[in-house]
Amino acid sequence: MRFFSRTSGVVGAMFGECMAATNLAVSRVFGFRHESTEVVHEEAIGKRDTNSYQPTSEVPRRHRQDSVSIRTLDNPYSPKVSATSTLIDDTSYSTTLPKQPPLPRSVEEILTLAKPTIEKLLQDSGSVGASIGVLRHGQQHFLNLGARGLGVAAVPDQETVYLISSMTKPIIATAVGILMDDFPRYQLDFDTPVSAVLPELKGSPGILKTYTKQELTIGDLLDLRSSFQWMTNLWESPNGDMQWKTIDSVTSLLQHLSANDIYTSHEAFIYNRNYSNECFALLATIIERKTGYSWAKFVRQMVLEPLGMHSTFAGLTEAERNGMSRTFAKSHSVQVPGVMPELLQCTDSDGVVCRTKIVKCYERHHGHIPQSIEILPSQASNAGAVAPSPLAAAAGIMSTTSDLLKFYSKIIDVYAERQRQQGSKLFPFPGHLSTPLERGMNHLFAHIESRLSPDPFSSTCIYTGGWNTVTVPLTSEERNASPKPRCPGADGDNARRLESAIQSKVHGDDLDYTFFLNKPEPDDTGITTETEKPPTTDPSESKKHLALYHGGNMVGATSFCWLLPDHETAVVVLCNTRGFLLDAANMSGMLLAECLFLAESDSRHDTGSLVEAVKKACKDTETMARAIQIDYLYDLARYEHHLASRFRELDPASNGIDTEGLEGRYELTRDVFITITAEQRGMILRLYGTGYGYLLRELDDNKAPENGGLEKTMTFAQPMAELIPSGVGGTNRLKVEDFVVVFKREKVAGEWTGFEWNFARAGEGERALE
């Protein structure tokens, strides 16, 4: 109910009675009681409930904090944690655009309904704690769950600092846009060839695009359209150690390796991506070459400080971190001792992994599979000897939900102003954007729009400008198109696991996400029909909305963000655990994004129908989470079975013939090498001679191809029971072949002189001279 005047005592009394009745109704419907603190402005609440909007500047600039007391709902899988949701008027940063008044369906109501499902996702993944931030029409809302760390009683809050992992990429992309804003000084645009800034890569085979035979540009790096080989397993160890301290290892490999045509063999790839952290390492190096500053210093001065993001960091030493008054979330992984031995027994009479047995295994262990453990944080966020590693620009920034909402709010402002200025797409330096930061963001939007499909009704799903992008809602035809697009919002491990679960018939033929799809339209009687509204033929009437999203997944941390600029909405989820069976941060963020999308889009529906829609979204999320967990256990069982059945461990003490001559150093390039040493537990491979030791296993002789004794195929893939506790969590790369090395020699019984990596199909490594 909306009120236009509060001037008379009669109206005031009516307002009080209605508010009391509303509170009672809400407490019955949503299962919580709203308790307002003394500092809440009644005037601000009244303005929210009127049709006439009052600018933020006219409201007294005081902090407002609304405490929401949430009754614990019966959920056997939910951790017993406390939760807070706060709505604040941020005094350190204000947007320049007037905001629309919130719809009656509050964010607090949606958070309350979704909280049990989010708790269940965190519990199932083994997560210790999480902080969630929601931006809606200029107002910030927060929900914090769990604990800052094992053994820490305190609940995290919106000022708790987390590693945001690959959500770093949009921040780096913004910094690159700022460079482009000052073209006379930096001579940089989206079409600039990479070698124009990094001349050491001129003529290198690794920077050619296989689909055009042209050299990579700055725009290609921002869009992940490289033809790079898969190198990520070379620069971060399972325990979070950063092996590459400088850009030299990346450039050395690009000079040595040929381009990869697995993902980029046809022109259609231009609308897809080849995910590569090395693209953003090169962008960080370009920032440093152009400015003379470290990438971290430039980002801090040009992006973070103008937005008041004073709790966002890149490249902190441990001493600096310990000396700060801010609270940093601890890092966690999980142990899975109960379920792992049983997985190898889930086979049929032919020795093939059986899905139905996997389902029974999951049901026996559900609720007890992941056991959280504290680990050392990823070194991606650490400072190097001189400055943070360029690789940290792909996944090494730390931040808070409060700070990140400031960044996303500015992006939404720039997008809205861009949409307002008719024809602004034609001008690279529109006068209504007054700061380098705003103009840098505008450059990125111009680039993003150039990559989107010209068809206003097409839901193009591409990676561009440091973001995953999609236009929503999708039609059922678009969702089921071939090739099938990824589910909107799904990123990282979940993107592939969602599709795998949907395609698996063991979960039923009707398993699918209906998130961000056109929903059935109510008819004039209020009854929902099962047919979608026919698509409009007028582009001006199109209800498509551009969404930007990104996930993050590193040792000890996961994260997710979703922006819907048209709706002035953003969601961010930061988690202090890299879970096991599913990515709780991604799924929680997708759930909240869908619920907010429903609240904004279904304005004709009453509150009751929205509640039912939110409950259905929660139920669908839990159903999908179960399917993802079962499917991941199935993939994990196949991985373990493949490793155990095809490869055998080497015993230096009893099988000397297996290891004779293998010890030593092998170089792929000058800067990229491995060492092999015989140790008590077996033959150990170490990247660059230090850090994590991988136990080598040899391809069984009975299953090895005939090679005349001139090759020895081995893998440094490890059983997941050993890898998961070290920090990798539920890694998505469950392929033994991703970690295969082939040692070679010129004659039987001769010395092993070289080796080949699985990703170096066109080149071989050599045995270093000793």
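**Entry 1: Ser 331**

I began with the surroundings of Ser 331: leaving out residues up to four places away in sequence, Ser 331 touches Ile 373, Glu 374, Ile 375, Leu 376, Pro 377, Gly 556 and Asn 576. I note here that the model is predicted. Ser 331 sits in strand β7, which covers residues 331–335. Is Ser 331 buried or exposed? I found a relative accessibility of 10%, and the cut-off for buried is under 20%, so Ser 331 counts as buried.

**Entry 2: the chain overall**

I then looked up the totals for the chain. There are 22 helices and 24 strands. Of the 770 residues, 58% count as buried. I also checked how far along the sequence the contacts reach. Among contacts between residues at least 6 apart in sequence, 72% join residues at least 24 apart.

**Entry 3: His 137**

I looked up His 137 and found it in the loop between β4 (129–136) and β5 (139–146). His 137 has a relative accessible area of 8% and is buried. I then took the pair His 137 and His 567, which are 430 residues apart along the chain. Their C-alpha atoms are separated by 7.6 Å.

**Entry 4: helices α3 and α19**

Next I took helix α3 (residues 107–125) with helix α19 (residues 584–601). Their axes come within 9 Å and cross at roughly 160°. Angles over 145 degrees count as roughly antiparallel, and α3 and α19 are therefore roughly antiparallel to each other. The crossing of α3 past α19 is right-handed. On the α3 side I listed the contact residues, among them Val 107, Ile 110, Leu 111, Ala 114 and Thr 117. On the α19 side they include Ala 584, Met 587, Ser 588, Leu 591 and Cys 595. Sorted by class, the contact of α3 with α19 has 14 nonpolar, three polar and no charged residues.

**Entry 5: helices α4 and α16**

From α4, I wrote down Ala 173, Thr 174, Gly 177, Ile 178, Met 180 and Asp 181. They meet Pro 436, Leu 437, Arg 439, Gly 440, Met 441, His 443 and Leu 444 of α16. By class I have seven nonpolar, four polar and two charged residues in the contact of α4 with α16.

**Entry 6: aromatic pairs**

I searched the whole structure for aromatic pairs and got 15. One of interest to me was Phe 516 with Trp 562, a stacked pair with 4.5 Å centre to centre and 20° between the planes. Phe 516 is in the loop between α18 (493–503) and β12 (545–554), and Trp 562 is in strand β13 (residues 557–564). The two are 46 residues apart, and the pair links distant parts of the chain. Both Phe 516 and Trp 562 are buried.

I then looked at Phe 673 and Tyr 688, whose ring centres are 5.9 Å apart with planes at 85°, so the pair is edge-to-face. Phe 673 lies in strand β17 (residues 673–679), and Tyr 688 lies in the loop between β18 (682–687) and β19 (694–695). This pair therefore ties together parts that are 15 residues apart in sequence. Phe 673 and Tyr 688 are both buried.

Which residues do ring pairs link into a cluster? I noted Phe 515, Phe 516, Tyr 549, Phe 560, Trp 562 and Phe 597.

How values were computed: Residues are numbered from 1 along each chain as its sequence is written. This is a predicted model: local features need pLDDT of at least 70, side-chain atom pairs count only at pLDDT 80 or more; totals for chains, interfaces and linings use all residues. Side-chain values use heavy atoms; hydrogens and water are left out. Axes are lines fitted to C-alpha atoms, for helices over the stretch in contact, and angles run from 0 to 180 degrees between N-to-C directions. Helices (H or I, at least four residues) and strands (E, at least two) are DSSP runs, numbered from the N terminus. Angles under 35 degrees count as roughly parallel, over 145 as roughly antiparallel, 65 to 115 as roughly perpendicular and the rest as oblique. A crossing is left-handed if the near helix is turned anticlockwise from the far one by less than a right angle, and right-handed if clockwise. Contact means heavy atoms within 4.5 Å. Ala, Val, Leu, Ile, Met, Phe, Trp, Tyr, Cys and Pro count as nonpolar, Asp, Glu, Lys and Arg as charged, and the others, Gly among them, as polar. Rings of Phe, Tyr and Trp (its six-membered ring) pair if their centres lie within 6.5 Å; planes under 30 degrees apart count as stacked, over 60 as edge-to-face and the rest as tilted. Buried means under 20% relative accessible area, exposed over 50%, partly exposed in between (1.4 Å probe, protein chains only).
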